[in-house]
Amino acid sequence: MSFFVEKLKNSKVLVTGAASGIGFGVCKILSKEGCSIIAFDRDEVKLKELEKVIGCKCFVVDVSNESEIKKALEQIDFVDHLLNIAGITILEPFLETKLENFEKVFSVNVSSILLLSQGVARKMIANNIKGSIVNISSQASQRSLIYHTSYCASKAAVDQLTKSMALEL
């Protein structure tokens, strides 16, 4: 078992992007270690599958929507840890990258981290919880990939946002 998993053992963990991919796998692992999982995802069908597998508390949330984030966080008293895993990419050549798609990728990959982390950090501070906030980035934050303009830029922003959070929190 890794140090990170050991630190989260038997705690209350909020996971975004929980219904598939990395998020789903992380939820399964942490649940086996006794964590109480709060799962955020936009896919209601896959969330129900996750709920059957691990018995977590699920919220259908589009993390690109500020009001949905705030509404969901209002229903949660506190968490010990936040794992910002939700992420998307829209593949387009640089010269054809649409601003609408660029903004959508940033909304899910960066803005959601800002909003969720602010909400959770405020609750942690108010409840004197010495937890953690983990933001999933990518090697694409440091190394550009063809047709990944929006994704690479968003992950570089995640890296800098994470550094700012670490400095201030």
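This report describes the fold, the surface and an aromatic pair of a predicted model.

Residues are numbered from 1 along each chain as its sequence is written. Local features need pLDDT of at least 70 and side-chain atom pairs pLDDT 80 or more, while totals for chains, interfaces and linings use all residues, and side-chain values use heavy atoms, without hydrogens and water.

**Fold**

Six helices and five strands make up the secondary structure, where helices (H or I, at least four residues) and strands (E, at least two) are DSSP runs numbered from the N terminus. Their order along the sequence is α-β-α-β-α-β-α-β-α-β-α. Along the principal axes, the C-alpha atoms fill a box of roughly 50 × 40 × 35 Å.

**Burial and the aromatic pair**

Of the 169 residues, 42% are buried, meaning under 20% relative accessible area with a 1.4 Å probe, protein chains only.

The whole structure holds two aromatic pairs, defined by ring centres of Phe, Tyr or Trp (its six-membered ring) within 6.5 Å. In one of them, F40 and F59 have ring centres 5.5 Å apart and planes at 65°, so the pair is edge-to-face (over 60 degrees). Because F40 lies in strand 2 and F59 in strand 3, the pair ties together parts 19 residues apart in sequence.

| Residue | Strand | Relative accessible area |
|---|---|---|
| F40 | strand 2 (residues 36-41) | 0% |
| F59 | strand 3 (residues 57-60) | 8% |

Terms used:
Buried means under 20% relative accessible area, exposed over 50%, partly exposed in between (1.4 Å probe, protein chains only). Rings of Phe, Tyr and Trp (its six-membered ring) pair if their centres lie within 6.5 Å; planes under 30 degrees apart count as stacked, over 60 as edge-to-face and the rest as tilted.
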